[in-house]
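Hi everyone, thanks for coming. Let me put the structure up on the screen, and then I'll talk you through a few parts of it.

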Amino acid sequence: MPVQSVQSRDDTRDTALPGYAVAAIREEGRWRCARLDAATLVDLDAAITELRALRSTGAVVGLLDVDDEFFVLVRPSPGGVSLLVSDAVAALDYDIAADVLDLLRVDLPAEGEDGLWPEGDLGILSDLGLPADELEVLVGELELYPDEQLAAIARRCGFGDALAEIVDAR
């Protein structure tokens, strides 16, 4: 099924957005986090390219808190990339969310669609200690802001302190 045109949305690619973009990198059993360029909050290709450039022998996960509205998890692999957007409806207003749906070959939600639902690979972090069902519960916690959800995800995977250090330094 073709993806609906996103021409009717305001293009957010050239707009600096609040939030943060961080790479969590696991090497030799230890986690470290690094800030990603601000462009990764509006351009999925930039996020994927920057994460691939890290060339770690272990896991690399991009955590994008976009405009304090939703988050995106990006995990490059040799065979492609795994993605999760916490709110598919965000694709109506944010290019990066629309790009995630496009890469996943998922149609944009209908204009005026209400509700919140994740789209993508809920098992994206299963091998890092966060099973798909637990991630689904975290994404569904509507009383938590995206940065709080990402902090909970990071704690569960074992890099909560490293993420907090980067986020608090911004």
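I'll go through some helices, then a couple of strand residues, and finish with the backbone.

Two housekeeping points before that. This is a predicted model, where local features need pLDDT of at least 70 and side-chain atom pairs count only at pLDDT 80 or more, while totals for chains, interfaces and linings use all residues. Residues are numbered from 1 along each chain as its sequence is written, and side-chain values use heavy atoms, with hydrogens and water left out.

When I say helix or strand, I mean a DSSP run, numbered from the N terminus: H or I with at least four residues for helices, E with at least two for strands.

Okay, helix α2, residues 95-104. Seven of its 10 residues are buried, so α2 is largely enclosed by the rest of the structure. Buried here means under 20% relative accessible area, exposed means over 50%, and partly exposed is in between, using a 1.4 Å probe and protein chains only. The buried ones are Asp95, Ile96, Ala97, Ala98, Asp99, Val100 and Leu101. What do the buried residues of α2 pack against? They pack against α1 (44-53), β3, β4 (70-77), β5 (80-85) and β6.

Now helix α5, residues 160-168. Gly160, Ala162, Leu163, Ile166 and Val167 are buried. They cover an arc of only 165° around the axis, which puts them on the same side of α5; that arc is taken from the directions from the helix axis to the C-beta atoms.

Helix α3 (residues 132-139) and helix α4 (residues 146-157) pack at an angle of about 155°, with their axes 10 Å apart. The axes are lines fitted to C-alpha atoms, for helices over the stretch in contact, and angles run from 0 to 180 degrees between N-to-C directions. That makes α3 and α4 roughly antiparallel to each other, a label for angles over 145 degrees. On the α3 side, the contact is made by Glu134, Leu135, Leu138 and Val139, and on the α4 side by Gln149, Ala152, Ile153 and Arg156. Contact, by the way, means heavy atoms within 4.5 Å.

On to the strands. Asp65 lies in strand β3, residues 60-66. Is Asp65 buried or exposed? At 0% relative accessibility, Asp65 counts as buried. Leaving aside neighbours within four places in sequence, the contacts of Asp65 include Tyr20, Leu41, Phe70, Phe71 and Leu150.

Compare Gly120, found in strand β6, residues 119-120. Gly120 is partly exposed, with a relative accessible area of 35%. Not counting residues up to four places away in sequence, Gly120 touches Leu83, Leu84 and Leu104.

Last bit: the backbone. Most residues other than glycine have a negative phi. Asp67, though, has a positive phi, near 55°, and Asp67 is found in the loop between β3 and β4. Then there's Arg105, which follows α2 and has a positive phi near 60°. Arg105 is in the loop between α2 and β6, and at 73% relative accessibility Arg105 counts as exposed.

That's my tour, so over to you for questions.

Technical notes
Parallel < 35°, antiparallel > 145°, perpendicular 65-115°, else oblique.
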